[in-house]
Amino acid sequence: MSIINLTIDFNPMCIIMYKDCIFMHLLKEKYTLKERNNRLNAVKEIIKSNRIDNQDTLLEMLAKEGYNVTQATLSRDLKMLKVGKISDGWSGYYYALPEKDLISESEKSYIQDVRRGILSIEFSGNFGVIKTRPGHANSVCFALDVLGLPEILGTLAGDDTIFLILREGMTKEDLLDSFNARIPEIKE
């Protein structure tokens, strides 16, 4: 049995380039995730606000909103959002969101819980602290979980304080934009 002595000489420049490549990949991934979430929200809003009967019309409306995507990407988005076509009863079919995406009476009550309970929101990186009225943290926390805001990874409630963690790639501005869209009275 022979032992081979192997020496590898690493060039420090190669290591730096490798690190930069990983950083650029992570930065691109963060950007594309945020862009995708924004695009998905735009698709939902267009479908909620308009009677769309084909993908070409939806592609045109997305382009007007600044989202230039291919038909294949739009098909994947519609599948991810579980968008279906339903009959209007006389002239054809149109796109509709699943029932869970339409504001129900129970969702309105959860929105009221959030409005009623939140006093302030502060962030440090991906971590947020929400101050509530005494005894309201659990109901506000539960309401945030049920509303399923895509920016929030998880929440933890005490009596008058909620700790929340934002998803990777999300910022407090993204969460506040989501609040403004669904719960307009909430401010930082």
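**Salt bridges**

Modeller: Asp-77 counts as buried, its relative accessibility being 4%; here buried means under 20% relative accessible area, exposed over 50%, and partly exposed in between, computed with a 1.4 Å probe on protein chains only. This is a predicted model, in which local features need pLDDT of at least 70 and side-chain atom pairs count only at pLDDT 80 or more, while totals for chains, interfaces and linings use all residues. Residues are numbered from 1 along each chain as its sequence is written, and side-chain values use heavy atoms, with hydrogens and water left out.

The structure holds three salt bridges, each defined as a side-chain nitrogen of Lys or Arg within 4 Å of a carboxyl oxygen of Asp or Glu. In one of them, Asp-77 is paired with Arg-39, and their closest N and O atoms are 2.6 Å apart. This pair links distant parts of the chain, for Arg-39 belongs to helix H1 (residues 12-49) and Asp-77 to helix H3 (residues 71-80), 38 residues apart. Helices are DSSP runs of H or I with at least four residues, strands are runs of E with at least two, and both are numbered from the N terminus. Arg-39 is likewise buried, at 8% relative accessibility.

Helix H1 also holds Glu-45 and Lys-48, three residues apart, about one turn of the helix. Their salt bridge has its closest N and O atoms 3.9 Å apart. Glu-45 is partly exposed at 44%, and Lys-48 is partly exposed at 41%.

In helix H4 (residues 105-117), Asp-113 and Arg-116 are three residues apart, about one turn of the helix. Their side chains form a salt bridge of 2.6 Å, N to O, and Arg-116 is partly exposed, with a relative accessible area of 42%.
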